[in-house]
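Let's walk through this structure together, one region at a time. Please have the sequence and the 3D view open as we go.

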Amino acid sequence: MDIVERLSPNFNARRNGLTPSLVVLHYTAMASAEAALQRLCDPDCEVSAHYLVDRFGAVTRMVSEDMRAWHAGAGAWGGMDDVNSRSIGIELDNPGHHPFPEAQMRVLEDLLGGVLTRWSISPSGVIAHSDMAPDRKSDPGRRFDWKRLAMGGLSIWPAPVQTDGASDPDRFLRAACAIGYPVSHGLEPALSAFRQRFRPWGQGSLSADDVARAEAVAAVSPALDRARPAV
């Protein structure tokens, strides 16, 4: 895999001696990879990422992995804030509603494999931007193939589930919190983010399937922080 460098000025040192334990995936939601690169390298925009993978599979590195790129913004995961200091950010050239091409997915898998190995990040540490900021973000969206990543050992996916017929909001929020989702904004943002990743066909109000699948995901998630506040 060839990587081209186009360095962004938008970075700083990781805070408090932190090293990457997460990878956050984004879509660019822009007309082209070049338009996204221009924005990510513009000092006036104050945003960046470590990598961008275009729709044809070309990879551009903008920030060194040991530095803190400005891609995550406000949000939290597993009770941890300052996600920028804890993560590698990867932007995917996609307007937000298209499938992700095969060439792009293959290269992303190669890139992720290297990142996870270099920083000893577990598959559960590969998350969506919408996971850690469910009240304001939706990327990489419902068209992204998380199950494919999990089948390659690069993310997590639950085993098939059977429901018990209960659509209990408290049970869902407890499971979402155990997975890592911030739940302080209530049910709807957490449910929307969860569905985008683990149940993209889900619609309407909370269902028993949502609860069962959330509990199944929690069962394969690590104990990130079992001291998180109770829901």
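How far is the sulfur of C45 from the closest cysteine sulfur? The answer is 10 Å, with C41 as the partner, and that is too far for a bond, since a disulfide needs the two sulfur atoms within 2.5 Å. Please keep in mind that we are looking at a predicted model. A search through the whole structure turns up 0 disulfides. C41, too, is in no disulfide, and its nearest cysteine sulfur is that of C45. The two cysteines also fall into separate accessibility classes: C41 has a relative accessible area of 16% and is buried, whereas C45, at 25%, is partly exposed.

Helix α6 covers residues 169–179 and helix α8 covers residues 208–219; their axes lie 8 Å apart and the packing angle is about 30 degrees. Angles under 35 degrees count as roughly parallel, and α6 and α8 are therefore described as roughly parallel to each other. Their crossing is left-handed. On the α6 side, the contact is formed by R171, F172, A175, A178 and I179, while α8 contributes D210, V211, A214, E215, V217 and A218. Sorted by class, this contact of α6 with α8 holds 8 nonpolar residues, no polar ones and 3 charged ones.

Now stay with α6 and look towards helix α7, residues 187–198. Here the packing angle is about 60 degrees and the axes are 11 Å apart, so the two helices, α6 and α7, are oblique to each other. The crossing of α6 with α7 is left-handed. From α6 the contact uses P169, F172, L173 and I179, and from α7 it uses L187, A190, L191 and F194. This contact of α6 with α7 has 8 nonpolar residues, with no polar and no charged residues.

L191, F194, R195 and F198 of α7 meet D210, R213, A214 and V217 of α8. By class, the contact of α7 with α8 divides into 5 nonpolar, no polar and 3 charged residues.

S167 and D210 are 43 residues apart in sequence, yet their C-alpha atoms are 7.6 Å apart in space. Leaving aside residues up to four places away in sequence, S167 touches L206, S207, A208 and V211.

A second pairing across the sequence involves T19, in the loop between β2 and β3. T19 and W119 are separated by 100 residues in sequence, but by 7.9 Å from C-alpha to C-alpha. Again leaving aside residues up to four places away in sequence, T19 touches R14, S85, R86 and W119.

Finally, a few points of backbone geometry. Most residues other than glycine have a negative phi, and most peptide bonds are trans. Against that background, N16 has a positive phi, near 55 degrees. N16 lies in the loop between β2 (11–13) and β3 (22–27), and with a relative accessible area of 76% it is exposed. A29 is not a glycine either, and has a positive phi of about 55 degrees. You will find A29 in the loop between β3 and α1 (33–40), where it counts as partly exposed at 45% relative accessibility.

Which residues does a cis peptide bond join? They are D139 and P140, and omega is about 5 degrees. P140 belongs to the loop between α4 (129–132) and α5.

Key: Residues are numbered from 1 along each chain as its sequence is written. This is a predicted model: local features need pLDDT of at least 70, side-chain atom pairs count only at pLDDT 80 or more; totals for chains, interfaces and linings use all residues. Side-chain values use heavy atoms; hydrogens and water are left out. Axes are lines fitted to C-alpha atoms, for helices over the stretch in contact, and angles run from 0 to 180 degrees between N-to-C directions. Helices (H or I, at least four residues) and strands (E, at least two) are DSSP runs, numbered from the N terminus. Angles under 35 degrees count as roughly parallel, over 145 as roughly antiparallel, 65 to 115 as roughly perpendicular and the rest as oblique. A crossing is left-handed if the near helix is turned anticlockwise from the far one by less than a right angle, and right-handed if clockwise. Contact means heavy atoms within 4.5 Å. Ala, Val, Leu, Ile, Met, Phe, Trp, Tyr, Cys and Pro count as nonpolar, Asp, Glu, Lys and Arg as charged, and the others, Gly among them, as polar. Buried means under 20% relative accessible area, exposed over 50%, partly exposed in between (1.4 Å probe, protein chains only).
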